[in-house]
Amino acid sequence: MTVARSFALFAVAALFEIGGAWLVWQGIREHRGWIWIGAGVIALGLYGVVATFQSDDHFGRILAAYGGIFVAGSIAWGMVADGYRPDRWDVCGALICLAGMAVIMYAPRSH
């Protein structure tokens, strides 16, 4: 699997997981109702499905690597959906997480 395809799968997974969590948040915290919550639950389930398409056979590695995407994606989602403005430490932390994700997922390994 190419790094580009793998990264694209991580991006789609992030849309489902972060979007699903945001929909649940909106349904409960912003009182938007059960339809928002239900849509969020479905999106969260689809996140789990998308993650299975990664080529690595180790669940722990995939989930750990995805954590870096989740951190950076959550900050980006907040900027777009909620007008959140990250400070330099948020950006620095997200970049560190992405670097960690790249090491975990794409470092050369002897199999």
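**Ground rules.** I am working with a predicted model, so I noted that local features need pLDDT of at least 70, side-chain atom pairs count only at pLDDT 80 or more, and totals for chains, interfaces and linings use all residues. Residues are numbered from 1 along each chain as its sequence is written, and side-chain values use heavy atoms, with hydrogens and water left out.

**Layout.** I looked up the secondary structure and found four helices and zero strands. Helices here are DSSP runs of H or I with at least four residues, strands are runs of E with at least two, and both are numbered from the N terminus. Read from the N terminus, the order is α-α-α-α. I also noted the box filled by the C-alpha atoms, roughly 50 × 35 × 20 Å along the principal axes.

Of the 111 residues, 28% are buried. I use buried for under 20% relative accessible area, exposed for over 50% and partly exposed for in between, with a 1.4 Å probe and protein chains only. The accessible surface comes to about 7100 Å², and 71% of that belongs to carbon and sulfur atoms. Those areas come from the Shrake-Rupley method with a 1.4 Å probe; for residues, only the protein chains shown count as cover. Next I checked contacts, meaning heavy atoms within 4.5 Å. Among those between residues at least 6 apart in sequence, 64% join residues at least 24 apart.

**Helix α3.** Which residues of α3 are buried? I listed I62, A65, Y66, G68, I69, A72, I75 and G78. Their cover includes α1 (3-29), α2 and α4 (88-106). Just after α3, I spotted G83 with a positive phi of about 75°.

**Aromatic rings.** I counted five aromatic pairs. The rule takes rings of Phe, Tyr and Trp (its six-membered ring) with centres within 6.5 Å; planes under 30 degrees apart are stacked, over 60 edge-to-face and the rest tilted. Y47 and Y66 make a tilted pair, 5.1 Å centre to centre with 40° between the planes. This pair links distant parts of the chain, as Y47 sits in helix α2 and Y66 in helix α3, 19 residues apart. Both Y47 and Y66 are buried. Y66 also pairs with F70: the ring centres are 6.3 Å apart and the planes at 55°, so I logged this pair as tilted. Y66 and F70 share helix α3 and are four residues apart, about one turn of the helix. Is F70 buried or partly exposed? At 31% relative accessibility, F70 counts as partly exposed, while Y66, at 4%, counts as buried. Stepping back, I noted that ring pairs link F10, Y47, Y66 and F70 into a cluster.

**The loop between α2 and α3.** I stopped at D56, which lies in the loop between α2 and α3 (59-82). D56 has a relative accessible area of 18%, so I marked this residue as buried. Side chains of opposite charge can pair when their charged atoms come close. How many salt bridges did the search give? The count is one, using a side-chain nitrogen of Lys or Arg within 4 Å of a carboxyl oxygen of Asp or Glu. R61 forms a salt bridge with D56, the closest N and O atoms being 2.9 Å apart. A polar atom of the D56 side chain also lies 2.8 Å from the backbone nitrogen of H58. Leaving out residues up to four places away in sequence, D56 touches R61, I62 and M105.

Q54 is in the loop between α2 and α3 too. Q54 is buried, with a relative accessible area of 7%. The Q54 side chain makes a polar contact with the side chain of S6 at 2.8 Å. Polar contact here means N or O atoms within 3.5 Å; within protein, one must be able to donate a hydrogen and the other to accept it, and residues adjacent in sequence count only if both atoms are side-chain atoms.

**Surface patch.** My last stop was a nonpolar surface patch of about 370 Å², made by I42, L46, V49 and F53. Patches are built from residues with over 30% relative accessible area and no salt bridge, with like charges joined within 9 Å and nonpolar side chains (Val, Leu, Ile, Met, Phe, Trp, Tyr) within 5 Å. I42 lies in helix α2 (residues 34-51). I42 is exposed, with a relative accessible area of 57%.
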